[in-house]
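Reader: I have the sequence and the model open side by side. Could you take me through how the labels follow from the values?

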Amino acid sequence: MSSESQPEASVIELASVTPESAKDTRDAPAGSDTLAVQNWMELLSPYQYSRSSAHTPACSPGLRSRSNSSVGRSSFTVDDRRRSSSGSRSSQETYDVPVEDAVSEISQRLKSSREIIQELTIEVMPALLVSVAGSVFAGYVLGRIQESRAFEQLPALFIMVAVLLNLKSNIELNMSTRLSTLANLGVFSMRAEGINALRSNMELLLLQSTIVGTSVGLIASVLGFSKWSALIKETGVLLGIGLGCSVIGSAVIGVLISATVVTSHKFGVDPDNIGTPIASSFGDMSTLLILGMVSTVLVAVMDTLWPAVAVVGFLTLGGFLLRVVRANHQMAHHISEGWLPLVYAAVTSSIAGVIVERCAERFPGMPPLVPVVNGIGGNIGTVFASRMSTSLHRLHGRYIADEHNLVMLILLLINIPIQMGFLSMRQYFDPALQLNLGFLLAYTLATVVHGLAMLLIGKFACKYLWARGYDPDDYVNPFITGTGDMLGTILLALVFLVVF
């Protein structure tokens, strides 16, 4: 996405749009007074605006306009690409709409505050609850696999876990936000284009997972180096485990993400609201389960050639995927984009891990709370960033200030009861935790600060990246999750230091 093709983000108050203020002279060709109205008509999607409008154009990418300035009217052509029951494509429909009526209709189709609150409560809160359950279960699985024979024989696996979870989770989050954006732009209203989008994004995800698996295996072998005599053998096993876990896990989650986006789009649910929490919660669970299985198998045969065969097989697959993705002109640029934020997220999450390790002995009740604090805060940040990115794509670099501010407030408020519910559950199952009023107040304040920071990072990072020609879908999630892990851990450590 080049910087020349993306105007700098600006605030649009659609409720006060007039025919004069709707004009965008930067994009309009000479002699045309309707291109801006065409752009506004492109905003009409089933997610940004009320779904009750029966005559909303079915597919915004199919909109075109013709100007008839002599009568003050614009002819909007809607290319309805949905197939009829007989299998043939429907013919185009043309609507002759006065400019004033078009602008007025757009203003009326904005969702009300009540609709936005209802949508976020119904769609986001259940997804966040699922993510909390996923974080708790992932912690349980991690505790079990760390006691396995594979981890005893190959201590470098302890180093691999944190880096693998972070890098793999972020490339899956990026896929989720990309597909959510495409769904909101109407791509999945067209069967062929939707299938192509799913296939190309899955190919990219598997290529990225091959790179992640290789990197994680090498990092673990270097940092976990014990003796020269076992270096080659352990490196081969660690590479095999890293590649196997990353590629197989990403294939599973990629299918889950695709099914989530397509199903939510089909039933009128905004995939921006549920995609990233589902991806993050099930991603961690599946990664740890697959890590346990793959490590058990490869460590058991580490004295044979099977680990080398696995490495060669996965690298061959990666080479094939590289050729396929490079040949796809719509996806090729993603190969080299977004890696610096991934490195940043890996470093900051590692720092957070060190902080948890240092505090665990003094505050044994802190480690179980870390995944939930960081997970919920990170999820509301990625949900908001996904919605913001969709708006920037749809509005050509603009966003609706009032709506996004309301979304930030609702997401922040949703965060509080979920955090309190988790604490109550912890207290019920572990009475020795002994939560007092001071801790509850300090914990609530910390989670609010953490959630607000994630929302602000999502908002300003999306605007900053877009204005400089970068696609937020490829860059913003690692910044949110990496900063969120470090900040959340620091805030939680301060809570325990102050209260206890």
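Author: Gladly! Let us begin with a helix: α10 has 22 residues, and its first and last C-alpha atoms lie 31 Å apart, close to the 32 Å expected at 1.5 Å a residue. Please keep in mind that this is a predicted model.

Reader: Which residues of α10 are buried?

Author: In α10, the buried residues are P341, L342, A345, A346, T348, S349, A352, V356 and C359. An α-helix has 3.6 residues a turn, so residues three or four places apart point the same way. The cover over the buried residues of α10 includes α5, α11 (370–394) and α14 (472–499).

Reader: Why is C359 called buried?

Author: The relative accessible area of C359 is 14%, and the label applies under 20%. Therefore C359 counts as buried. C245 is buried too, with a value of 0%.

Reader: How many disulfides does the structure have?

Author: Zero, from a search of the whole structure. A disulfide would need a pair of cysteine sulfur atoms within 2.5 Å.

Reader: How do you know what span to expect for α3?

Author: Helix α3 covers residues 113–145, which is 33 residues. The rule is 1.5 Å times one less than the number of residues, so α3 should span 48 Å. Its end C-alpha atoms are 46 Å apart, and that agrees.

Reader: Where does α3 have a kink?

Author: The kink, of about 25°, lies at V124, shortly before the proline P126.

Reader: Now an arginine. Why is R178 called buried?

Author: R178 belongs to helix α5 (residues 156–184). Its relative accessible area is 6%, and the cut-off is under 20%, so R178 is buried.

Reader: What makes the pairing of R178 with N201 a polar contact?

Author: The two side chains come to 2.8 Å, and the limit for such N or O atoms is within 3.5 Å. Leaving aside neighbours within four places in sequence, R178 is in contact with N201, L204, Q208, H334, D473 and D474.

Reader: And the glycine in α8: why is G283 called buried?

Author: G283, found in helix α8, has a relative accessible area of 2%. With the cut-off at under 20%, the conclusion is that G283 is buried. Not counting residues up to four places away in sequence, G283 touches K168, E172, I253 and I278. G283 and L165 are 118 residues apart along the chain, with 8.3 Å between their C-alpha atoms.

Reader: Which residues have the most contacts inside the largest nonpolar core?

Author: They are L157, M160, I241 and L291, in a core of 59 residues. The elements giving two or more residues to this core are α3, α4 (149–153), α5, α6 (191–223), α7 (231–266), α8 (271–300), α9 (306–327) and α10 (339–360). The largest share, 13 residues, comes from α5. As for L157, its partners are A150, F151, L238, I241 and S295, not counting residues up to four places away in sequence. There is also a second, separate core of 50 residues, which includes L392, I410, Y443 and M454.

Reader: What do the values say for the protein chain as a whole?

Author: The protein chain has 14 helices and five strands. Of its 500 residues, 54% are buried. Among contacts with a separation of 6 or more, 80% join residues 24 or more positions apart.

Conventions
Residues are numbered from 1 along each chain as its sequence is written. This is a predicted model: local features need pLDDT of at least 70, side-chain atom pairs count only at pLDDT 80 or more; totals for chains, interfaces and linings use all residues. Side-chain values use heavy atoms; hydrogens and water are left out. Helices (H or I, at least four residues) and strands (E, at least two) are DSSP runs, numbered from the N terminus. The bend at a residue is the angle between axes fitted to the seven residues ending there and the seven starting there. Buried means under 20% relative accessible area, exposed over 50%, partly exposed in between (1.4 Å probe, protein chains only). A polar contact is a pair of N or O atoms within 3.5 Å; within protein, one must be able to donate a hydrogen and the other to accept it, and residues adjacent in sequence count only if both atoms are side-chain atoms. Contact means heavy atoms within 4.5 Å. A nonpolar core is a set of buried Ala, Val, Leu, Ile, Met, Phe, Trp, Tyr and Cys residues joined through side-chain atoms within 4.5 Å.
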